[in-house]
Amino acid sequence: MFKDIEAAVERGCEGRIITSTYQNFTDIESLKGFYMLMSDNNINIEIIRSGRKTIAIEITRDLRVLVRAPFGISDRDVQRFIEEKSSWLEKHISKKIEMTEQQKELAPKFTAEEIRQLADGTLTVIPERVAYYAPIVGVRFGKITIRNQVSRWGSCSSKGNLNFNCLLMLTPPDVIDYVVVHELCHCKELNHSVKFWSEVARILPNYEVPKKWLKDNGNSLIQRLR
Ligand SMILES: [Zn+2]
């Protein structure tokens, strides 16, 4: 039984505190299902320490488990907290996995032909938007490439070459403009500093709206590439 947990930890549960001190769990039998669930679904627990006063746990939309803890609390107490929350986590993670599976069934994967059409469409729209916004941002750009990426909506290299996701074709026009402006602003600022965001806001004062749209709807589109 102990070996199972060890294997589970090795396979997936990389949350630092859990891997280093899991032997100290008082009731390891009751945590076995929890560990297997975490491991089988490749879910890690991330511990984020900050100046906050209380400890809290959260399951994100993209199925990550975040524990937010004050600097002052010991690893042992963080671990005990996770232990106390394990059945809550198990229940909610199972539910989220089930919902994700259902969504996948509703929205089948894109075929190669569909992706090709999306890429063609994106290639007719994006360069025009880039050409429009580049002088407003005040940057020059290099090559524009359209990709079917599962990790990002766009990117900008230090040479000013731009990549855009073909799935942008399935998003509203203000989202396309937001991603274009976002990447062009990266030609000036290669990070997400306050300066970067104020530059985005200068060009698109309402950028929070398309940004939120992507956050809420982006994953379900990207899932269809996987
Ligand atoms: Zn960015």
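These are my notebook entries on one predicted model, from its overall layout down to single residues.

**Ground rules**

I number residues from 1 along each chain, as its sequence is written. Because the model is predicted, I take local features only at pLDDT of at least 70 and side-chain atom pairs only at pLDDT 80 or more, while totals for chains, interfaces and linings use all residues.

**Entry 1: the whole chain**

I looked up the helices and strands first. I take them as DSSP runs, numbered from the N terminus: helices are H or I with at least four residues, strands are E with at least two. The chain has eight helices and six strands. I read their pattern along the sequence as α-α-α-β-β-β-α-α-β-β-β-α-α-α.

Next I checked burial. I call a residue buried if 20 or more other C-beta atoms lie within 10 Å of its own, exposed if 12 or fewer do, and partly exposed in between; the C-beta atoms are placed from the backbone. Of the 226 residues, 23% count as buried.

Then I looked at contacts. Two residues are in contact if their C-beta atoms, placed from the backbone, lie within 7 Å. Among contacts with a separation of 6 or more, 59% come from residues 24 or more positions apart.

**Entry 2**

I count two strands as paired if DSSP finds at least two bridges between them.

In what order do the three strands stand? I find an open sheet in the order β1-β3-β2, with mixed pairing. β1 and β2 are the edge strands, and each pairs on one side only. The twist averages 20 degrees from one strand to the next. For angles I use lines fitted to C-alpha atoms as axes, for helices over the stretch in contact; angles run from 0 to 180 degrees between N-to-C directions.

β1 (residues 45-50) runs parallel to β3, and six bridges join them. Glu 46 stands opposite Leu 66 of β3. β2 (residues 56-59) pairs with β3 in the antiparallel sense over four bridges. I traced two of its residues: Ile 57 has Val 67 as its bridge partner, and Glu 58 has Leu 66. β2 and β3 make a hairpin with five residues between them. In the turn, Leu 63 has a positive phi of about 60 degrees.

I then walked along β3 (residues 65-70), where the side chains alternate. Val 65, Val 67 and Ala 69 point to one face and are buried.

β4 and β6 pair in the parallel sense over four bridges. Ile 144 stands opposite Leu 162 in β6.

**Entry 2: the cores**

I define a nonpolar core as a set of buried Ala, Val, Leu, Ile, Met, Phe, Trp, Tyr and Cys residues joined through C-beta atoms within 7 Å. The largest core holds 22 residues; Phe 164, Leu 168, Val 179, Val 180, Val 181 and Leu 184 touch the most other members. Which element gives the most to this core? α6 does, with nine residues. I also looked up a second, separate core of twelve residues, including Ile 45, Ala 69, Val 78 and Ile 82.

**Entry 3: helix α6**

Is α6 mostly covered or uncovered? It is mostly covered, with twelve of its 16 residues buried. Its cover includes α5, β5 (154-156), β6, α7 (194-203) and α8 (208-222).

α6 and α8 pack at about 100 degrees, with axes 9 Å apart. I therefore call them roughly perpendicular. By cut-off, angles under 35 degrees are roughly parallel, over 145 roughly antiparallel, 65 to 115 roughly perpendicular, and the rest oblique. On the α6 side, Asp 174, Val 175 and Tyr 178 make the contact.
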